[in-house]
Amino acid sequence: MSLRKLDFLSISRITLAFLLLLSVLPLTAQYPGQVTKTSHDAPVLRSIAVLEWTGEPGHPKTSRLVPVAVFDASRIEGDQLQDGGIYMARPQPLALSGEVEYELQQNGHPLGLFDIKNAGQEQGSWVGYGTWKPLPAPRPKPSMAEVARSLRETDDEDSDKPILHRKHHAGEDSSGSSTSPSTTSSPSAPAPASDSDRPTLHKRDSSETSTSSAPAHDSDRPTLKKGRTRPPEDIGHVDSLPDVTDPNRPRLMRGKSSNNIEVLPTLMGLPPDMQQAVAISDAKTRPEHPWTFIWANPDDEAKMKSAMESMARDALGLTPPPPPPAPRKPASRKTAQPAPAPPPPAPLLDENFRVFELAYGSGATLVLTARTGGPLNQQKFVTLIAQPDFYANLLILLKYVANGAHLDDTPRMRLIDAVDALADNRGELLFELRGQTQRQFALYRVLRGQAEKLFITGPGEFGQEIR
């Protein structure tokens, strides 16, 4: 056999062995980046709602809490954002379970707390009723004198604690070790006399461990932070909203239970003086994240607002056409009259201009909503979402125009606020889509120069808007 043929056979055998080795590799090796377990820091439950009230903030006359979305990170299949008005309704939805506590926010800053006491249906939609509570006062930091006094008291208490000494037995030296090695190694050596005052440890029988009825702890099972436990005398207490006795039903953050249920009067319909605020209930306590954008030059905000208003007037058809050019006249010795001043811009009613920083270092996101005057069937509504580019020119990401005569087909978009719906330190824009007799809530995510609809609730009837 020639040397060239031998080399060819050797290479063929090596190639065949390499192919066989690849065939027996586990299939999971094809996906080295596959994640099999979720992070323990991921949120389990996070409910987004809107509190609506009349009166003063903190002291409302009437109120109701409308659930919007529930973010359930434990869901493996399907969307993790669920409609809060119907998610796990047994019969009331999970977002409106008894004693669930919501934190009210405005532009990312906490306003107060709202505890759900009971729930009901208004024209087929679930809403929650409860009480508006102030934020708990922060604990004052202890002074250096108090810290030093606490340390001294701790040292004094430790000095009074008794010290246990091991009893000396025969056959042991001062170090506690046996002086005769044969004493412990010989099985025939007599056991030392038992000491009635000496504590002894007992080993658990293996049969007890195998027959224990305690369930094994599942490290992958998500757990929620529970509120304060109910005192023993409240075991027989019954709330106006019966709780569901399902051990597998997840629960949101719980507030402190109370025997005296103080529920604010119910808010009905859509009154003109109704106010709205974002409400969040999370199983974890998260740091405050304001959404306010800080301008490097305060004059830039006024310029951006003026440009947004001009675009809104164009979208609403309020910008008059430019006048035709005046005919040229022959030059004369008389002084030319100055051109008449342009008419003032048409007013924008119910104008709401906000600037957000939806993520740290993400730049400004501008939102403007407004409408025209006149009867409802002749009004027009506009919503603009824009961002400035490197040259301070506005880039329109979303332009939405609705007609008052067809609100059931194209409802008006009313900005409520920015909210972190996915607990990822990035804000989404929460809008109310209000029609003639129905309304929905929608979350929009602004990312990479686009404003995309992230989530929308099912339609709910709340009656005709009163004007």
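I take contact to mean heavy atoms within 4.5 Å. The model I am looking at is predicted.

**Leu318**

I looked up the contacts of Leu318 first. Leaving aside neighbours within four places in sequence, Leu318 is in contact with Arg313, Ala346, Pro347, Leu348 and Thr372. For Thr372, I noted that its C-alpha atom is separated from that of Leu318 by 8.5 Å, with the two residues 54 apart along the chain. I placed Leu318 in the loop between helix 5 (298-316) and strand 8 (349-356).

I then followed strand 8 into its sheet. The sheet is open and has four strands in the order 8-9-10-11, with antiparallel pairing. Strand 8 and strand 11 (394-403) each have a single partner strand, so I marked both as edges, with one side of each lacking a neighbour in the sheet. On average, neighbouring strands here are turned by 10° against each other, direction ignored. I went through the pairing of strand 10 with strand 11 and found nine bridges, in the antiparallel sense. In strand 11, Ile396 stands opposite Ala386. Which strands does helix 5 touch? I listed strand 8, strand 9, strand 10 and strand 11, as helix 5 packs on the sheet. The direction of helix 5 makes about 140° with that of strand 10.

**Gln379**

Next I looked at Gln379, in the loop between strand 9 (365-371) and strand 10 (380-388). Buried means under 20% relative accessible area. Gln379 has 4% relative accessibility, so I counted Gln379 as buried. What does its side chain meet? I found a polar contact with the side chain of Arg371, at 3.4 Å. A polar atom of the Gln379 side chain also lies 2.8 Å from the backbone oxygen of Gly374.

**The whole chain**

I finished with totals. The protein chain has five helices and 16 strands. Of its 467 residues, 34% are buried. I noted an accessible surface of about 31000 Å², with 56% of it belonging to carbon and sulfur atoms. Among contacts between residues at least 6 apart in sequence, 57% join residues at least 24 apart.

**Confidence**

The mean pLDDT of the chain is 75, and 63% of the residues reach 70 or more. I marked residues 198-219 as below 50; beyond near neighbours in sequence, this stretch has four contacts in the model. Residues 221-245 are also below 50, and there I noted 45 contacts beyond near neighbours in sequence. Where pLDDT is low, the predicted coordinates should not be read in detail.

Note on methods: Residues are numbered from 1 along each chain as its sequence is written. This is a predicted model: local features need pLDDT of at least 70, side-chain atom pairs count only at pLDDT 80 or more; totals for chains, interfaces and linings use all residues. Side-chain values use heavy atoms; hydrogens and water are left out. pLDDT is the predictor's confidence in each residue, from 0 to 100. Helices (H or I, at least four residues) and strands (E, at least two) are DSSP runs, numbered from the N terminus. Buried means under 20% relative accessible area, exposed over 50%, partly exposed in between (1.4 Å probe, protein chains only). A polar contact is a pair of N or O atoms within 3.5 Å; within protein, one must be able to donate a hydrogen and the other to accept it, and residues adjacent in sequence count only if both atoms are side-chain atoms. Accessible areas come from the Shrake-Rupley method with a 1.4 Å probe; for residues, only the protein chains shown count as cover. Two strands pair if DSSP finds at least two bridges between them. Axes are lines fitted to C-alpha atoms, for helices over the stretch in contact, and angles run from 0 to 180 degrees between N-to-C directions.
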